[in-house]
Amino acid sequence: MTTSQVARSELFGTTEASPGSHFVKNSRRAGRGIWIATITAYLVTFVVMLPLLWILLLSFRSSDDILSRPFSVSNLTTQNYKTVVDTLNLMLMYRNTFILAVVSVVVGLVVSFMAAFALTRMVFRRRRRRLQKWLRYYFLAGLAVPVYILLFPVYRLDLTFHLFGTYAALILPYIAISIPFNILLLTGFLVEFPEELEQAAIIDGVGLFSLCTRVVLPLMRPVIATLLILNIIYVWNEFPFAVTLINKSSLTTLPLGVSQFQGVWSTDYGAEMAAAALVLVPQLVVFAVFQRQVIEGMTLGAVKG
Amino acid sequence: MVWLSRRWQLLLMLAPALLVFSVYLVYPVVYSVFYSFSDYNGVSKPKYVGATNYRAMTHDDVFWSSLRNTMVVLGVALVLLIPLAFLLAVLLSGPIKGAGALRALIFAPAIVAPILVGLIWVFILDPHIGLVNGFLSSLGFAGPQWIGGTSLTPLSVGLVYVWQTLGFVLTIFYAGLKMLPRDVMEASALDGASRWQQLRYVTVPMLQETFGICTVLVITGAFKVFELVYVLTGGGPVHLSDVLVSYMYYVTFRLQNYGYGMALAVVICLLGVVVSLAYLSFLRRRRRA
C-alpha cells in the first residue's frame, strides 16, 4: 500500500482487510459483519467435515452399540481395527496401488515429455511442420474422451495381449489416459523455453539425452510437480478400470478393496468403518502436508483442461 | 536444434507416447463406435445390425430413467453447487481468521476416492443405520428413504456429488476472485454500493468466465458419476436409481450385451459434449446480447 492509498483509506473510513481481500470494508459495519461471516464459515466447514468425523467415530465403536445407541460416545474400543488388521490384507492393497501409481505416473510422464519435446523443440524437416502441429492436436483430442467409453475395448485389448492378472493390464490404460493432459501442460511450457539456453547447450556439444535431462527438465520442476500430483491422485483413486481389469485378489487396489468392504463384513459396521478409516486417514495426512501444491495443481488442471 | 532432429531421434521421442496413446485410447474409441452398430455378446462373432442398438434405446425404460436420474444429479449440482461454492469463496476471501485452513478442509473430500466417498455416505444416508435418519428419529420424525427407495436416490447422489466437489469449485472461484482488480471494488465502495450490490453488480458480472468454467466442469462431472451409485445402491431397486454410466456398465459387463453397451457409451459421451456445447453457446449469445 502506498502512502497515498493509506491516506485515502483513512480519509474515507475504509480499512485494508487482510491482504488480497477484494472487498473494501466499511469499518463501522465491518465489526459485526466479520463476526457473522466467521461464524458462518466455521459452521459450514464443520458440516462439510461431519461425514468424515462421523466415520472416524463409528470406527471406534462396536457394531451392536452403533445399532442400539447410535449417538452414544461411551464404550469406545479399538477392537474394530484389530478385526480389520486380522482379516484384511490392507498392506497388499497399499502395495499394489503404490506400484501402479508410481510406475504408470512416472512412465506416463517420461513418454509424454519425450513427445512434447519433439512436438515443440525439435525440427520436422521440409514440409512436415504441419504434421508437427497436427500430431499435437491428435494428442490433445484425447482430452475429450471420457473413461467409461474405454472400459470394454481396453478389457478386450488386455485379453488379446494376455495381460490379465498383471499390473500392465492397468498401467497401459493409465498411461494412455494421462498423455493428453500431460502433453497439454508440457507443450504449453516448452514452446516458451528460452532458445538461447538450448543453443548454448548444443554448441557445448551435448546430445539429445543430456539436453533433455540436464538442461530442460531441471527448469520444468513446477510443471512436473503439478502433473505428478494430478496423476498420482487419479491413479490412487481410480475405480472403473480397476473393477473391470483386475481378476485376481492378489492385485486388488485400495479403491477396489473399498468396494468390497460391504460384502466382507456385511453387518459389522464398526469394522467396515475402521477399514475405511485406514484408507482415508493416510490419504488425508498426505493431503494435509502437500495441501498447497495439491489444491493449486488440481485447480490449474481443471482450468486448463 | 536441427542437428539434434534426425529422423531416428524424432521417431524415438514420439514413438512411445504415440503407440500407447493410439492403442489404448484412440483405438478403443473407434472400437466402441464400431461395435455400437453390432450385435455382440463376446462369444459368437459380432454381427452388423445398423442403428438397431440406437433405436432400441428409445424403447428402453431403464435408459430413460437413468437419463432422468443423471439429469437430477446434474440439476442438484447446478442449483446447489455453483451458488454455494461461489458464496463460500466470497466468504472465505474475506478477513476471516484461518480462512486458508477452512478452504483446505472443505477441499479435502475432493481428493478422496469416489468409491470411498460413497461408502462413507452409506453411513450417513442409509435409512436404518444412517446418521441423518438416526438424528431425525431421535427427534421423533420418521426419516425418508434417502437411498435404496424408489425416488430419492438421485437427489441423494446429487448431494453427495456436491459434497465431494464443493471445495474444488470453491477454489476455482477463489482464484477468480483474487484476480479481480481492486480498484473496481474500491470505486464501487466509494460510490456507496452496499456489499450485496457490489456482489450482484460488480463481482458476478466480472466473474462470468469463471462461472462458465465451473458450470462446464460440473456438467461433464455429473455425466461421469458412477462409483457413488455403485456403492450407494448398486442401481437398485430394479435399476430405478441407475445413472447413465452405471446402467451402461451393467449392460456391458453384467448382461454382456456389448453392442448395446457400446451404443450407450457413445450416446452418454455425445450427450455430455452436446450439453456442454449448448451451455457454452448460450453463454456466448447472452454476452453478445
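How many of the 305 residues of chain A count as buried? The share is 36%, where buried takes 20 or more other C-beta atoms within 10 Å of a residue's own, exposed takes 12 or fewer, and partly exposed falls in between, with C-beta atoms placed from the backbone. This is a predicted model, so to speak of local features a pLDDT of at least 70 is needed, side-chain atom pairs count only at pLDDT 80 or more, and totals for chains, interfaces and linings use all residues. Residues are numbered from 1 along each chain as its sequence is written, while chains are lettered from A and ligands numbered from 1 in the order in which they are written.

**View 1. Chain A in outline.** Chain A has 14 helices and two strands; these are DSSP runs numbered from the N terminus, with helices being H or I of at least four residues and strands E of at least two. Now for who touches whom: two residues are in contact if their C-beta atoms, placed from the backbone, lie within 7 Å. Among the contacts in chain A with a separation of 6 or more, 71% join residues 24 or more positions apart.

**View 2. Where chain A meets chain B.** Chain A puts 81 residues into the contact and chain B puts in 86. Helix H14 (residues 269-304) of chain A gives the largest share of the side of chain A that touches chain B, with 15 residues. By class, that side of chain A has 63 nonpolar, 16 polar and two charged residues. Here Ala, Val, Leu, Ile, Met, Phe, Trp, Tyr, Cys and Pro count as nonpolar, Asp, Glu, Lys and Arg as charged, and the others, Gly among them, as polar.

View 3. (The expected span is 1.5 Å times one less than the number of residues.) Keep an eye on B:Leu116: in the largest nonpolar core, which has 162 residues, B:Leu116 and A:Ala276 touch the most other members. Such a core is a set of buried Ala, Val, Leu, Ile, Met, Phe, Trp, Tyr and Cys residues joined through C-beta atoms within 7 Å. Leaving out residues up to four places away in sequence, B:Leu116 touches A:Val258, A:Ala276, A:Val279 and A:Leu280.

View 4. The twelve residues of H13(A), residues 254-265, should span 16 Å at 1.5 Å a residue, and the end C-alpha atoms are 16 Å apart, which agrees. Buried residues in H13(A) include A:Leu254, A:Val258, A:Phe261 and A:Trp265. A:Trp265 has 21 other C-beta atoms within 10 Å, and its contacts, neighbours within four places aside, are A:Ala271 and A:Glu272. Next comes A:Ser266, with a positive phi near 35°. A:Asp268 sits in the loop between H13 and H14 of chain A and is partly exposed, with 19 other C-beta atoms within 10 Å. A:Asp268 and A:Asp64 are 204 residues apart in sequence, yet their C-alpha atoms are 8.6 Å apart in space.

**View 5. Two helices crossing in chain B.** Helix H2 (residues 52-59) and helix H13 (residues 258-288) of chain B pack at about 75°, with axes 9 Å apart. Axes are lines fitted to C-alpha atoms, for helices over the stretch in contact, and angles run from 0 to 180 degrees between N-to-C directions. That makes H2(B) roughly perpendicular to H13(B), a label for 65 to 115 degrees; under 35 counts as roughly parallel, over 145 as roughly antiparallel and the rest as oblique. From H2(B), B:Asn53, B:Tyr54, B:Ala56 and B:Met57 meet B:Gly259, B:Tyr260, B:Ala263 and B:Val267 of H13(B). The contact has six nonpolar, two polar and no charged residues.

**View 6. Two histidines with positive phi.** A:His162 is not a glycine, but its phi is positive at about 55°. A:His162 lies in the loop between helix H7 (151-160) and helix H8 (168-190) of chain A, and is exposed, with 10 other C-beta atoms within 10 Å. In chain B, phi of B:His239 is also positive, near 65°. The loop holding B:His239 runs between helix H11 (227-232) and helix H12 (244-254) of chain B, and with 18 C-beta neighbours inside 10 Å B:His239 counts as partly exposed.
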